[in-house]
Amino acid sequence: LAAGNPVVLKPSELAPSSALRLARLAREAGIPDGVFNVLLGGATAGRELVAHGGTDMVAFTGATPTGRAILREIGGTRLKPALLECGGKSPQIVFDDAAEFGVHDIARALVRDALWNSGQVCVARARLILQAGIYPLVVDALRAELEVVRFGDPLDPATKYGPLASSVQRRRVEEYISSALRGGASQSLRSPAHSLPAGGCYVAPALFTDVAPSASIVQEEVFGPVLTVQKFGAESEGIELANSTEYGLAATVWTPSLPRALRLARAVRAGTVQVAGSTAMSTGSGFAHASEPRGQSGFGAEGGMPLRANWGVEHNGEHLLAADGSFTKDSEIDTGYPEFDHVCLKKLGWWAELTPEEQAQAEGKNWKTDLSGGIIRVVIAHGCAPYGNARARCNVWNFPDPVPVHREPIVTP
């Protein structure tokens with residue numbers, strides 16, 4: 001919409017209510033009829049929408065098999081660009097030196113990022129990879145956290161986790177759990193059935209240790225409240241386990257060592273690698289970095305200016321470094337926050353095109369001075385370059401929040 005495109009949004013047939021609510025809000029906000037549209041239906045409706053001659057681009061968030069089906073439909077009917085954010089099997093890699101953050105604080109964050117929306121999130125970080133020294137401490141802390149997890153009515157404001165989306169999904173998750181047990185995995189914890197609400201598609205959270213890397217519960221997206229734990233010794237072994245699936249959507253690295261964090265960010269195949277923090281849900285410029293999934297998690301950069309280009313808004317303006325070390329910019333490239341526009345050059349990957357002297361000037365004047373004093377967070381993301389070399393480098397940047405954003409406390413170095 002911001003790029004000037006009318007939109008037809010087709011939500012999952014299992015969860016259409018929020019999309020319909022968004023349509024009502026759009027009308028209340030004054031968006032004209034026909035600009036933002038919601039189409040309800042199942043696979044047939046989705047197939048017709050993808051193949052329709054009036055659809056100029058398809059952006060899909062969902063399961064990898066459906067993403068493949070969309071590409072087949074586009075290839076067999078009418079060529080058009082596609083942006084796919086598909087499934088994931090995102091790891092959390094915890095090093096021994098992360099103990100200084102507090103083992104119980106880490107365990108709380110691990111559980112939160114694995115069970116968010118009852119595990120029904122493409123970036124659910126439910127694949128836990130723990131270094132040998134911290135392994136027993138974290139596993140004990142995870143058990144303690146999961147023992148107090150309670151599921152409930154999603155309409156009750158006090159509920160932390162609700163049911164799965166359907167009885168089909170519940171049976172699918174239960175089959176993954178049964179398969180893991182048949183394969184020899186140790187079930188370190190399974191909340192008793194009586195702790196679940198009566199009725200509904202609830203599944204008690206499960207924690208598995210001693211899981212083989214080839215097990216389906218490790219390799220495939222479960223989309224439910226199931227956590228697996230694997231142990232590693234050397235850093236290289238942890239990287240190998242993190243990269244052992246066909247997906248590449250997101251990852252988290254727990255270490256206070258910045259050199260190690262940078263190594264892992266480059267070595268782990270994931271669109272976004274977060275360091276020592278729980279997944280943030282926020283809007284605005286503070287969450288406007290770009291990332292691009294890898295492998296069977298899809299393709300196409302999302303966030304920041306690369307996303308803007310994906311939606312057909314091309315810009316030819318250049319960021320230049322003035323003699324005094326400040327940035328100048330074309331008027332079309334304007335985030336609305338002058339102090340944030342300075343970040344765009346570094347964030348979009350053009351930073352690497354500056355000479356070392358120019359980088360030193362920018363670091364000394366704008367980056368350290370003009371951008372200090374905000375809520376600082378470190379984000380390490382692949383896919384920051386806007387034109388074609390999204391996988392070429394990993395950028396690191398700090399940013400303030402120009403607008404106050406409420407978010408849960410996170411663990412940081």
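# Rings, cavities and buried spots

Q: Which residue lies over the face of Tyr-135?
A: That's Lys-231, at 4.6 Å from the ring centre. A charge sits over a ring here if NZ of Lys or CZ of Arg is within 6 Å of the ring centre and within 35 degrees of the ring normal.

Q: And what lies over the face of Phe-95?
A: Arg-260 does, with 4.3 Å to the ring centre.

Q: Good. What kind of model is this, and how are residues numbered?
A: It's a predicted model, where local features need pLDDT of at least 70 and side-chain atom pairs count only at pLDDT 80 or more, while totals for chains, interfaces and linings use all residues. Numbering runs from 1 along each chain as its sequence is written, and side-chain values use heavy atoms, with hydrogens and water left out.

Q: How many helices and strands are in the protein chain?
A: Twelve helices and 18 strands. These are DSSP runs numbered from the N terminus: H or I with at least four residues for helices, E with at least two for strands.

Q: How much of the chain counts as buried?
A: Of the 413 residues, 48% do. Buried means under 20% relative accessible area, exposed is over 50%, and partly exposed falls in between, using a 1.4 Å probe and protein chains only.

Q: What share of the contacts is between residues 24 or more positions apart?
A: Among contacts with a separation of 6 or more, 67%. A contact means heavy atoms within 4.5 Å.

Q: Back to rings. How many aromatic pairs are there?
A: The count comes to three. One of them is Phe-101 with Trp-254, an edge-to-face pair at 6.3 Å centre to centre and 65° between the planes. Phe-101 sits in the loop between strand 5 (91-94) and helix 4 (103-115), and Trp-254 is in strand 11 (residues 250-254), so the pair links distant parts of the chain, 153 residues apart. As for the rule, rings of Phe, Tyr and Trp (its six-membered ring) pair if their centres lie within 6.5 Å; planes under 30 degrees apart are stacked, over 60 edge-to-face, and the rest tilted.

Q: Are Phe-101 and Trp-254 buried or exposed?
A: Both are buried. Another pair is Phe-151 with Tyr-161: the ring centres are 5.6 Å apart and the planes are at 40°, so this pair is tilted. Both residues lie in the loop between helix 5 (135-147) and helix 6 (167-182), so the pair ties together parts that are ten residues apart in sequence.

Q: What relative accessible area do Phe-151 and Tyr-161 have?
A: Phe-151 has 8% and Tyr-161 has 7%, so each is buried.

Q: New topic: how many cavities of 30 Å³ or more does the structure hold?
A: Two. A cavity is a set of points on a 1 Å grid over the protein atoms alone where a 1.4 Å probe fits but cannot get out, and lining residues have an atom within 4 Å of a point. Points are joined across faces, edges and corners, and volume is the space filled by probe spheres set on them.

Q: And how much space lies in the second largest cavity?
A: About 50 Å³. Of the 14 residues that line this cavity, Pro-91, Tyr-247, Gly-248, Ala-250 and Arg-269 are the closest to its centre.

Q: You listed Phe-223. What's its phi?
A: Phe-223 has a positive phi of about 60°, although it is not a glycine. It lies in the loop between helix 7 and strand 9 (226-232) and counts as partly exposed at 29% relative accessibility.

Q: What about the phi of Asp-210?
A: Asp-210 also isn't a glycine, and its phi is positive, about 55°. Its place is the loop between strand 8 and helix 7 (216-219), and at 53% relative accessibility Asp-210 counts as exposed.

Q: Last one: where is Leu-207, and what does it touch?
A: Leu-207 is in strand 8 (residues 206-209), buried with a relative accessible area of 0%. Not counting residues up to four places away in sequence, its contacts include Val-139, Leu-142, Leu-189 and Val-229.

Methods
1 Å grid on protein atoms, 1.4 Å probe; cavity = no way out; pocket = protein on both sides within 12 Å on 5 of 7 lines; lining within 4 Å.
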